[in-house]
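Please look over the sequence and the coordinates first, and then read on.

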Amino acid sequence: MAPKAIASPIPDSLYPTLSVFTLAIGLILTASFFIYEATSSRKTRNLTQELATGAVASVFLGFGSLFLLLASGVYV
Amino acid sequence: MKMKLNLFSFLFTFTILSSHVLSISDLILTKVDRRIDLSTQIVRTTTTLKVENAGSDIVSEILLSFPENHAIHLAYLSATLNEGRGKAKPSSGVSLPYDEVVSPKDFPNSLKVYSVTLPKGLGKGDSLTLDVLAVFTHILQPFPEKITQADIQLLLFQESAHYLTPYPVKVQSLTVKLPDARIESYSKLENTKLQGSELKYGPYQNIPPFAYLPMVIHFENNQPFAVAKELVREIEISHWGNVQITEHYNLVHGGAESKGEFSRLDYQARPYVRGASAFRRLVAKLPPRAHSVYYRDEIGNISTSNLWGDSKKTQLEIEPRYPIFGGWKIAFTIGYGLPLQDFLFGIDGKRFLNISFGSPINELVIDTLIVKVVLPEGSKDISPSVPFPVKQRHETKFSHLDIAGRPVVVLEKNNAVPEHNEHFQVYYKFNRLSMLREPLMLIFGFFFLFVASIVYMHADLSISKTSASYLAKIQWEEVQATIHQVHTIISRCLTTHDKLEASLRDLSRTGDIQACKATRKSVDSSLKELTKELKSPVTFLQSSPQATQILPKVEEVIAKERDLQERLMAKHSTVVDCYEKKLGGREIENRVASHQQKITALRQEIDDLMDLIDEI
């Protein structure tokens, strides 16, 4: 069985594009999270919605910052 | 009696333990051709031995011996079987294993003996050809030891004109290749010929074993004597697609030491006369597709470098900040990145890294070579496999996004030469899911920030819960919530109005009266519901004292909305009527004109008021 070359799961050339898109979506979700926090009053606030928006925003921000680090040459 | 027994058992165990029972087998070297290359600081000796078995036993090992003063400088030794005849196939054979042996009593002292194991034994009367390559470092002595800037560098080389071997030699010859420069003096023994820059000793016939005929050559050599006192080579693997190599060099010029002043003017004006033995450039051969190459030292980046690459290699030419004369030191760092798929392979569930061991700089002698392979966190069962003996140890390195640190394999080798620049492998196991640990750490970091802001917004940090200002704040928040509710209800009313208008437009397009009537019915019922919903918030606002300012506006909006509703209904009925009576378009327009005007005006006012309420 000949040895097979191992490469990264996502091609290198896609890192900058992926980082821009995921960070953009993450920042939009962060903005919507903070808008919800600012416009809602104590009565109308919904904890589930807050946590859900925060979780999805943090997933996109996390991946976006990882791809940003990889695209700028810091291979973590 | 007891002592004798002890001594006997000691000797017995000693003879059992000594791995080679050394008896010089009856081999004869029929032809020995030696070629010594003195053109660089590294002395390479290529010896071609034609071995014949003159005895009756099958011989499975051949002994090679070196005088002690040479053996301490021996950096690399390789013996190969030469299958072809003459010079047709230079090094087609696989390197034979050799081992250092303890020289027995009948060997003269101060000899180091190596035993080469043959793959199949040499039978009686058979002969074979063996190619031996021995590489020596620090064996050329500068003589004079200290020179000024204007002097040339002269070196002394001592060797034996007869090949030192435990077997008798029938015919032998020695060729010494000297650099294209001045030859100060050489030993004039019998059969000595100097042809250009090649010195030939021989042929000598029928020399007994352990013959030693000293000869000395004093010659000029101006090649760069770059010696790295220590080289730390760090290879860091990231499974996201990069192998980063960082090399820290500590170079010194290993030739004749420089004494006296250094005159920059003399050096710049005539570099080949004043400073012939100094070197100003080093050339390194990096693997192809190397990227992000940098060359710096403690001060900062060094810009005097050139890089060009093709598909086979990337060539880096570096020029240190000053020319290196004898005894001068320089320290710098070279770093470069390589694509992962060229060096990392997977087989049978394991992964292994296949990369070169030594330094990429040409003709560099390294006194201490330390190679550190940093594997990603989560690698297990690490085992390196190097083609020559090295010292191993394990370390941990903390780098980006690490929790427990990355495992590091440290391989150390003394006295390394470019012949050691072979590929070595490091095997390890890695679970693919461990790669997710890094983005998960970042995700949890960001999520923690969001949770912190949620907690901050939910936390009630007021100290007194009965003070007037606190109560006022609570009431105002309730009013805000109710107004928000009213706002949403009125927006829903407006959307139902839009639905009605849309149905009218559909009617003008398709002429389907029944569908229009059906929409009218549903809109009627939803508007009735919405009016009911409005009742409770309005009553709350009327009762609360904080809402006195906003209340008139809210009531105005509600009133206007009701008005709009009525007019829309009227308009709708008129249009449907006209369609039933099959009146023309102009007629319809006339009838609804007045309604339409008021409707658009009211709509505008309602929108303005809604914006005003929204800003509260």
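A compact globule of 76 residues would have a radius of gyration near 11 Å, whereas chain A has 18 Å; the radius is taken over C-alpha atoms, and the globule rule is 2.2 Å times the number of residues to the power 0.38. This is a predicted model, in which local features need pLDDT of at least 70, side-chain atom pairs count only at pLDDT 80 or more, and totals for chains, interfaces and linings use all residues. Residues are numbered from 1 along each chain as its sequence is written, chains are lettered from A and ligands numbered from 1 in the order in which they are written, and side-chain values use heavy atoms, with hydrogens and water left out.

The C-alpha atoms of chain A fill a box of roughly 65 × 25 × 15 Å along the principal axes. Its secondary structure comes to 2 helices and 1 strand, which follow the pattern β-α-α along the sequence; helices (H or I, at least four residues) and strands (E, at least two) are DSSP runs, numbered from the N terminus. Of the 76 residues of chain A, 36% count as buried, where buried means under 20% relative accessible area, exposed over 50%, and partly exposed in between (1.4 Å probe, protein chains only).

| Strands of chain B | Sense | Bridges |
|---|---|---|
| β1 (residues 27-37) and β2 (residues 43-53) | antiparallel | 10 |
| β1 and β11 (residues 169-177) | parallel | 8 |
| β10 (residues 154-160) and β15 (residues 214-220) | antiparallel | 7 |
| β25 and β30 (residues 423-430) | antiparallel | 6 |

β1(B) and β2(B) form a hairpin with 5 residues between them, and L27(B) stands opposite N53(B) in β2(B). Towards β11(B), R35(B) stands opposite T175(B).

An open sheet is formed by 4 strands of chain B in the order β8-β10-β15-β12, with antiparallel pairing. Because β8 (141-142) and β12 (183-186) of chain B stand at the edges, each with a single partner strand, one side of each is left without a neighbour in the sheet.

Strand β25 (residues 350-356) of chain B is mostly covered, since 5 of its 7 residues are buried. Strand β24 (residues 344-347) of chain B runs antiparallel to β25(B) and is joined to it by 4 bridges, and F345(B) has F352(B) in β25(B) as its bridge partner. In the hairpin of these two strands, which has 2 residues between them, D348(B) takes a positive phi near 55°. Towards β30(B), R351(B) stands opposite Y428(B).

Which residues touch the most other members of the largest nonpolar core? In this core of 57 residues they are F332(B) and F424(B), a nonpolar core being a set of buried Ala, Val, Leu, Ile, Met, Phe, Trp, Tyr and Cys residues joined through side-chain atoms within 4.5 Å. Not counting residues up to four places away in sequence, F424(B) touches several residues, including L353(B), I355(B) and V371(B), where contact means heavy atoms within 4.5 Å. A second, separate core of 54 residues includes L29(B), Y114(B), Y163(B) and V176(B).

S115(B) lies in strand β6 (residues 111-122) of chain B and is buried, with a relative accessible area of 0%.

How values were computed:
Two strands pair if DSSP finds at least two bridges between them.
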